[in-house]
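Here is a set of questions and answers on the model below. Each answer ends on the value or name asked for.

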Amino acid sequence: MSILLRSPPELGDFPLLLCKGADSAMLDPTVCTGAENLVTAQFSESQRLARLSEGAEDGDDNEWEIAQMLGIQSHLGEFASEGLRTLVLGVRFLTDEQCEKWLEQYKSAATSIKNREHLLKEAAYAIETQIHIVGATAIEDKLQVGVPRTIATLEKAGIKLWV
């Protein structure tokens, strides 16, 4: 789930995407930055030296990103083992041009008569990439006391409820 918004003027007035989702989706290398480092973290020393000779920088940044991603995965594993429901939170900073281009794609998809659902998914996939993971949440996934009775009462009153 994502929302596209503009930061307040005092923080730069730029478009950004805030995103939350399951760790299996959010930590996918096609979605978040840094996850590809987990996949390629097993470079041998000769491969690392070859990359350096080609002008690539040393892996300090990559090592930091790998450590952060492993830390997040570790915490998520702990939370899940306690039976908690987890979500990963991310952000993508956009340029005005990227935002305008995507908004055109989304508007075209949303108003399409043919293949609307498919086009909307494509639009979501187009913007929900290069996400920077900023945190994770974990909550106990059970209803509070009295909630089932309240929901039943609302239904009897003819009130439609979406949870």
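This is a predicted model: local features need pLDDT of at least 70, side-chain atom pairs count only at pLDDT 80 or more; totals for chains, interfaces and linings use all residues.

Q: Does glutamate 117 count as buried or exposed?
A: Residues are numbered from 1 along each chain as its sequence is written, and side-chain values use heavy atoms, with hydrogens and water left out. Buried means under 20% relative accessible area, exposed over 50%, and partly exposed in between (1.4 Å probe, protein chains only). The relative accessibility of glutamate 117 is 58%, so the residue counts as exposed.

Q: Which residue forms a salt bridge with glutamate 117?
A: A salt bridge needs a side-chain nitrogen of Lys or Arg within 4 Å of a carboxyl oxygen of Asp or Glu. Both partners lie in helix H6 (residues 116-127), four residues apart, about one turn of the helix; helices (H or I, at least four residues) and strands (E, at least two) are DSSP runs, numbered from the N terminus. With 3.9 Å between the closest N and O atoms, the partner of glutamate 117 is lysine 121.

Q: How many salt bridges does the structure hold?
A: Side chains of opposite charge can pair when their charged atoms come close. Besides lysine 121 with glutamate 117, aspartate 96 pairs with arginine 6. The number of salt bridges in the structure is two.

Q: How many residues apart are aspartate 96 and arginine 6?
A: The closest N and O atoms of this salt bridge are 2.9 Å apart. Aspartate 96 is in helix H5 (residues 96-110) and arginine 6 in strand E1, so the pair links distant parts of the chain. Both are partly exposed, aspartate 96 at 34% and arginine 6 at 41%.

Q: What is the area of the nonpolar surface patch made by Ile3, Leu5 and Leu18?
A: Patches take residues with over 30% relative accessible area and no salt bridge, joining like charges within 9 Å and nonpolar side chains (Val, Leu, Ile, Met, Phe, Trp, Tyr) within 5 Å. Isoleucine 3 lies in strand E1 (residues 2-6) and is partly exposed at 47%. Areas use the Shrake-Rupley method with a 1.4 Å probe, and for residues only the protein chains shown count as cover. The patch comes to about 230 Å².

Q: Which residues does threonine 86 touch, not counting those up to four places away in sequence?
A: Threonine 86 belongs to strand E3 (residues 84-93). With a relative accessible area of 16%, threonine 86 is buried. Taking contact as heavy atoms within 4.5 Å, the residues are Leu76, Phe79, Ala80, Thr137 and Ala138.

Q: What is the phi of asparagine 115?
A: Most residues other than glycine have a negative phi. Asparagine 115 sits in the loop between H5 and H6 and is exposed at 56%. Although asparagine 115 is not a glycine, its phi is positive, at about 60 degrees.

Q: Where does glutamine 130 lie?
A: Glutamine 130 also has a positive phi, near 55 degrees. At a relative accessible area of 44%, glutamine 130 is partly exposed. Its place is the loop between H6 and strand E4 (132-140).

Q: How many disulfides does the count give?
A: A disulfide would be a pair of cysteine sulfur atoms within 2.5 Å. Cysteine 19 is buried at 7%, and cysteine 32 is buried at 2%. The number of disulfides is zero.

Q: Which element has the lowest mean pLDDT?
A: Over the protein, the mean pLDDT is 82, and 82% of the residues reach 70 or more. Residues 38-45 stay under 50, and the model has eight contacts for them beyond four places in sequence. Among the elements, H5 has the highest mean, 95, while the lowest, 52, belongs to helix H2 (residues 35-39).

Q: In what order do the elements run from the N terminus on?
A: The protein has seven helices and four strands. Among contacts between residues at least 6 apart in sequence, 68% join residues at least 24 apart. The order of the elements is β-β-α-α-α-α-β-α-α-β-α.

Q: What percentage of the 163 residues count as buried?
A: The accessible surface of the protein is about 11,800 Å², of which 56% belongs to carbon and sulfur atoms. Of the 163 residues, the buried share is 21%.

Conventions. pLDDT is the predictor's confidence in each residue, from 0 to 100.
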